[in-house]
2 protein chains.
Amino acid sequence: MTDRDAVLAANHAFYRAIESLDEAAMAACWSRSISDTCIHPGWPILRGWADVLASWRAIFDGTTYMRFVVSDPVVDVLGDVAQVTCLENLYAIGQSGTAHAQVAATNVYVRVEGGWRMRLHHGSPVHHAVSEDPPAGEAS
Amino acid sequence: MTDRDAVLAANHAFYRAIESLDEAAMAACWSRSISDTCIHPGWPILRGWADVLASWRAIFDGTTYMRFVVSDPVVDVLGDVAQVTCLENLYAIGQSGTAHAQVAATNVYVRVEGGWRMRLHHGSPVHHAVSEDPPAGEAS
């Protein structure tokens with residue numbers, strides 16, 4: 001398996017862990033260190049595994065159903081760090097109703113024995129008034 | 001100068017480049033490769049230096065004044081990759097009026113001869129209804 005495939009597998013496991021609404025599945029994805037950093041859409045910066053875990057617990061507690069279709073993932077591996085940027089097409093049912101949103105995500109993984117573990121997750125809402133008219137230029 | 005200090009200097013130069021509204025100053029901060037990635041608040045993912053540059057040009061063209069007070073920066077260096085997360089306290093005057101916003105940012109830099117160059121910038125608006133009540137837990 002190439003590094004790129006292994007990182008994509010880790011990224012896939014992360015989104016399946018969110019869908020599972022299961023704390024243990026989520027914990028298995030992260031490095032579980034004080035370097036873990038998470039920025040949920042609209043949230044401030046959460047730092048350290050304890051705060052990151054608490055945020056997932058709060059999200060899972062308020063959610064009954066969540067599904068992601070991840071599109072346009074691009075992987076960039078440099079040494080023992082890998083970065084994935086992708087679009088999350090999210091459908092969720094929870095305490096505050098039904099949500100259907102598109103989120104732009106940056107996920108950073110670090111290489112550990114036996115795989116790649118998440119060190120940073122940053123998600124931000126995509127506003128479609130902007131996304132329908134992106135700046136012109138070369139797409140890579 | 002330690003790696004951490006050099007990365008903080010690069011991060012400082014990036015925000016001064018935005019404030020300068022000057023394309024050349026911004027270009028000097030980036031790796032200027034097809035791996036460059038930028039997600040402005042509310043925007044979709046822009047990939048490749050050409051698209052990233054076009055976005056800064058559009059922002060600079062629509063802005064007459066912009067100042068950042070960057071708070072709470074945390075640097076994480078792993079090999080030739082460095083990650084900074086920080087809060088941007090932004091005050092801007094432009095075509096669409098005056099904006100005062102708080103943005104959570106992830107900035108990724110890569111080591112090059114003579115310094116660190118930006119490879120990814122991801123900014124997302126912080127909604128204060130959420131930030132006033134973050135999940136409980138250990139702060140790192």
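B:Asp72 lies in strand E3 of chain B, where strands (E, at least two residues) and helices (H or I, at least four residues) are DSSP runs numbered from the N terminus. The model is predicted, so local features need pLDDT of at least 70 and side-chain atom pairs count only at pLDDT 80 or more, while totals for chains, interfaces and linings use all residues. Residues are numbered from 1 along each chain as its sequence is written, chains are lettered from A and ligands numbered from 1 in the order in which they are written, and side-chain values use heavy atoms, with hydrogens and water left out.

B:Asp72 counts as partly exposed because its relative accessibility is 43%; buried means under 20% relative accessible area, exposed over 50%, and partly exposed in between (1.4 Å probe, protein chains only). Leaving aside residues up to four places away in sequence, B:Asp72 touches B:Thr85 and B:Cys86 as well as A:Arg47 of the other chain. Contact here means heavy atoms within 4.5 Å. B:Glu88 is 16 residues from B:Asp72 along the chain, and their C-alpha atoms are separated by 9.0 Å.

The strand that holds B:Asp72 belongs to an open sheet of 6 strands in chain B, with the order E2-E1-E6-E5-E4-E3 and mixed pairing. Strand E2 (46-47) and strand E3 (63-78) of chain B stand at the edges with a single partner strand each, so one side of each has no neighbour in the sheet. Two strands are taken to pair if DSSP finds at least two bridges between them. Strands of a sheet pair through backbone hydrogen bonds, either parallel or antiparallel.

Both senses occur in chain B. E3(B) pairs with strand E4 (residues 81-94) of chain B in the antiparallel sense, over 13 bridges, and B:Arg67 stands opposite B:Tyr91 in E4(B). Strand E5 (residues 97-112) of chain B also runs antiparallel to its partner E6(B), to which 10 bridges join it. E5(B) and E6(B) form a hairpin with 2 residues between them, and B:Val112 stands opposite B:Gly115 in E6(B). In the turn, B:Gly114 has a positive phi of about 90°. The parallel pair is strand E1 (residues 37-39) of chain B with E6(B), over 3 bridges; B:Cys38 stands opposite B:His121 in E6(B). Strand E6 (residues 115-125) of chain B has 9 buried residues out of 11, so it is largely enclosed by the rest of the structure.

Chain A has an open sheet of 6 strands in the order E2-E1-E6-E5-E4-E3, again with mixed pairing. Its edge strands are strand E2 (46-47) and strand E3 (63-78) of chain A, each of which pairs on one side only. E3(A) and E4(A) are antiparallel and share 13 bridges; A:Thr63 stands opposite A:Gly94 in E4(A).

Two residues of strand E4 of chain A can be taken in turn. A:Gln83 is found in this strand and is buried because its relative accessible area is 7%. Beyond residues up to four places away in sequence, A:Gln83 has contacts in its own chain, including A:Val74, A:Asp76 and A:Val108, and in the other chain touches B:Thr37, B:Val108 and B:Leu120. A:Tyr91 is also placed in strand E4 (residues 81-94) of chain A, but at 36% relative accessibility it counts as partly exposed. Together with A:Tyr65 and A:Ile93, A:Tyr91 forms a nonpolar patch on the surface, with about 250 Å² of accessible area in total. Areas come from the Shrake-Rupley method with a 1.4 Å probe, and for residues only the protein chains shown count as cover.
Patches are made of residues with over 30% relative accessible area and no salt bridge, with like charges joined within 9 Å and nonpolar side chains (Val, Leu, Ile, Met, Phe, Trp, Tyr) within 5 Å; a salt bridge is a side-chain nitrogen of Lys or Arg within 4 Å of a carboxyl oxygen of Asp or Glu.

A:Asp22 is partly exposed, at 34% relative accessible area, and touches A:Ala17 and A:Phe60, not counting residues up to four places away in sequence.

The relation between the chains remains. The same surface serves both copies, as 100% of the contact residues of chain B recur in chain A.
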